[in-house]
Amino acid sequence: MANDSPLERKLAREIAARKEAETLLEQKSLELYETNQQLQLVLNQLKRQNLQDLNKLEFEQQINEALIHFGRAFLSRTLDDGLILSFLECLESSSALEKVHLYIEADCIASLNSTEFGESLGADVTNIKPYATWQENILSLPIEVDHKAVGILSALVNEEGISRDFVVSQMLLVGELLCSAISRQIILSSHQEARTRAEESERSTKEFVAMINHELRTPLNGLLGSAELLDSTELDEEQRTLLTNLAHSGDLLRHIINDILDFSKMNAGMMELIPSTFQWSELRNMVHGIFEPKAREKGIEFTTSESGELPISFIGDFERIGQILVNLVGNAVKFTSEGSVTVSTSWKSGRLTISVSDTGVGIAEEAIKELYSPFVQADRTAKRHFEGTGLGLAICKNLVELMSGTIALESEVGKGSCFEVTIPLKVADKLPINEANIDTSQRDKPLEEISVLVVDDIRMNQVIINQMLKKLSITPDIANNGIEAITALGGKRYDLVFMDCRMPEMDGFEATTYLREQKYQLPIIALTAGTTLEEREKCIECGMDDILTKPYSAKDLQLMLEKWA
């Protein structure tokens with residue numbers, strides 16, 4: 001070695017350096033390779049993550065679009081088979097769901113014809129779990145309404161690239177939408193059924209009120225009409241007393257029947273106003289005629305007065321305003337044993353104010369609060385001195401409010417009471433038709449020469465109107481139904497027809513409609529026990545010219561003849 005030359009030593013050093021460089025290069029290459037492999041692994045992982053995120057984003061977007069579209073559809077349409085199938089088809093078009101199936105319990109929704117929608121995936125519908133469950137790659141979710149399972153939603157999931165937890169989170173949103181839609185449909189169906197029942201109940205109530213109205217007023221017409229006819233015959237003192245009792249009892253019965261029927265109409269929503277032209281003097285004379293004799297009999301003073309100038313005539317419901325007055329004045333006379341009853345009237349700013357004051361027993365303050373309630377009286381004991389249904393003031397209050405008016409009471413026990421009623425009314429530009437202003441000089445023929453046909457199926461009604469007309473020297477022809485009326489009118493000319501509305505075979509509405517279609521133009525007057533606006537409108541719509549309501553008097557009958565003959 002000592003003999004090695006410098007050249008050899010240099011060459012050896014170069015070889016050693018080259019080997020060291022090769023070793024270092026080999027080591028670095030290995031490190032670079034390993035780094036490259038790690039980098040490739042990371043890149044592959046990033047690719048997979050990005051693909052999963054894209055799949056999740058796509059699936060989420062598809063579910064959101066379905067929820068928005070069908071959320072609107074579920075709100076605007078009835079939940080039916082076609083709508084549910086369309087919803088499931090939309091879900092199946094998403095990237096993560098291959099098949100979707102929905103089961104809903106039978107009779108849960110009346111608008112659905114089926115219980116299963118979509119291809120069955122084998123989910124156990126008899127044992128619905130209250131949470132999401134997996135069976136291999138089939139996801140099942142409960143459909144709950146009011147914390148009760150009513151169905152199950154199942155989906156065959158394509159799990160490639162999307163986690164199960166994410167699929168469950170999205171399908172829970174779908175389930176919530178279905179739960180809301182089903183719950184809404186159940187509520188709508190329930191409301192519809194309730195509305196149908198309410199409408200049916202209302203219709204039945206109205207039919208009952210109309211029927212009972214007819215059935216009560218018809219015999220009352222016979223009772224009061226017979227009493228009126230009997231009054232014009234020769235009677236001894238005892239018979240006259242009995243007739244007076246009969247007439248007063250019949251009149252009381254009429255008021256009780258009116259109160260009961262009106263209260264029934266209130267509850268049935270049938271209470272309506274029928275406006276006409278009238279004068280205050282008509283109301284005043286009516287009230288005075290009814291109550292002055294009763295007041296005189298009790299030994300109390302009855303007076304009516306007007307403060308200031310009243311319009312010549314008004315437009316309003318004469319019968320209902322009269323009913324309010326009769327109830328208030330009737331109570332005042334009934335509860336006053338000494339002193340006076342006063343009816344005073346004034347007109348200001350389009351409102352008629354009527355005050356009924358008395359010096360009677362008065363009303364305790366604690367009783368005033370419930371006085372307008374039905375069937376309530378100030379004295380409810382079995383020993384009370386005053387009879388009555390307790391409906392009068394309840395009806396008065398309802399009628400006053402129906403006319404947009406007010407009713408007020410001031411009372412002191414032992415000193416008396418004062419009811420004040422204020423009703424807005426229109427002023428009429430012409431006088432009402434009554435006996436005083438009918439121009440009989442323009443009549444084509446005398447009243448006794450008028451030819452009249454009466455159409456009524458009830459024998460008692462035929463007798464009553466026949467006798468009332470005979471008092472006016474008119475002998476009418478009688479028909480028992482609409483068919484007989486048409487036959488009679490085809491063979492003879494009548495100046496006036498009194499047509500009952502409710503009859504067998506052919507009623508008055510049908511007969512009048514037929515006659516008007518055949519160009520029959522002479523007056524046809526309805527004879528009806530119906531008092532509802534609907535029935536009165538039906539009379540006019542079918543072609544009747546006017547309405548005579550049962551029970552009627554001979555005076556009512558004469559006025560109708562004077563008006564139309």
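Which residue does UniProt list for "modified residue: 4-aspartylphosphate"? The unreviewed UniProt entry lists D500; UniProt positions are given in the numbering used here, feature names are shortened, and annotations may be inferred rather than shown by experiment. This is a predicted model, in which local features need pLDDT of at least 70 and side-chain atom pairs count only at pLDDT 80 or more, while totals for chains, interfaces and linings use all residues. Residues are numbered from 1 along each chain as its sequence is written, and side-chain values use heavy atoms, with hydrogens and water left out.

**The annotated residue and its surroundings**

- D500 is placed in strand β16, which covers residues 496-500; helices (H or I, at least four residues) and strands (E, at least two) are DSSP runs, numbered from the N terminus.
- D500 counts as buried because its relative accessibility is 1%, where buried means under 20% relative accessible area, exposed means over 50%, and partly exposed lies in between (1.4 Å probe, protein chains only).
- Leaving aside residues up to four places away in sequence, D500 touches V455, D456, D457, G508, L527 and K550, a contact being heavy atoms within 4.5 Å.
- A network of salt bridges links D456, D500 and K550; a salt bridge is a side-chain nitrogen of Lys or Arg within 4 Å of a carboxyl oxygen of Asp or Glu.
- K550 is also joined to P551 by a cis peptide bond, with omega at about -5°, and P551 lies in the loop between β18 (546-549) and α13 (554-564).

**Nonpolar cores**

- The largest nonpolar core has 43 residues, and those with the most contacts inside it include W280, F302 and F419; such a core is a set of buried Ala, Val, Leu, Ile, Met, Phe, Trp, Tyr and Cys residues joined through side-chain atoms within 4.5 Å.
- Among the elements that each supply at least two residues of this core are α4 (237-267), α5 (280-298), α6 (318-334) and β9 (340-348), and the largest share, 8 residues, comes from α6.
- Apart from this core lies another one of 41 residues, among them L83, V150, V157 and V174.
- Residues touched by W280 include E306, L310, F314 and L325, not counting residues up to four places away in sequence.
- L310, in the loop between β7 (301-307) and β8, counts as buried because its relative accessibility is 17%.
- L310 and E14 are 296 residues apart in sequence and 142 Å apart in space, C-alpha to C-alpha.

**Other salt bridges**

- How many salt bridges does a search of the whole structure find? The search finds 15 salt bridges, and, as a general point, side chains of opposite charge can pair when their charged atoms come close.
- R284 in helix α5 and E306 in strand β7 link distant parts of the chain, being 22 residues apart, and their side chains meet in a salt bridge at 3.4 Å, N to O.
- K397 forms a salt bridge with E401, with the closest N and O atoms 2.4 Å apart; because these two residues are 4 residues apart in helix α8, K397 and E401 are separated by about one helical turn.
- The side chains of R502 and E535 also meet in a salt bridge (3.4 Å, N to O). R502 lies in the loop between β16 and α11 and E535 in helix α12 (residues 533-541), so this pair ties together parts that are 33 residues apart in sequence.

**A buried charge without a partner**

- D317, in the loop between β8 (314-316) and α6, is buried yet has no salt bridge, and the nearest side chain of opposite charge, R320, is 4.5 Å away; in this count Lys and Arg are positive and Asp and Glu negative, while His and the chain ends are not counted.
- The side chain of D317 reaches the backbone nitrogen of E319 at 3.3 Å.

**Backbone angles**

- Most residues other than glycine have a negative phi, and most peptide bonds are trans.
- S349, found in the loop between β9 and β10, has a positive phi of about 50° although it is not a glycine, and S349 counts as exposed because its relative accessibility is 68%.
- E505, found in the loop between β16 and α11 (508-517), likewise is not a glycine but has a positive phi, of about 70°.

Conventions
Polar contact = N/O pair within 3.5 Å; in protein donor to acceptor, adjacent residues only side chain to side chain.
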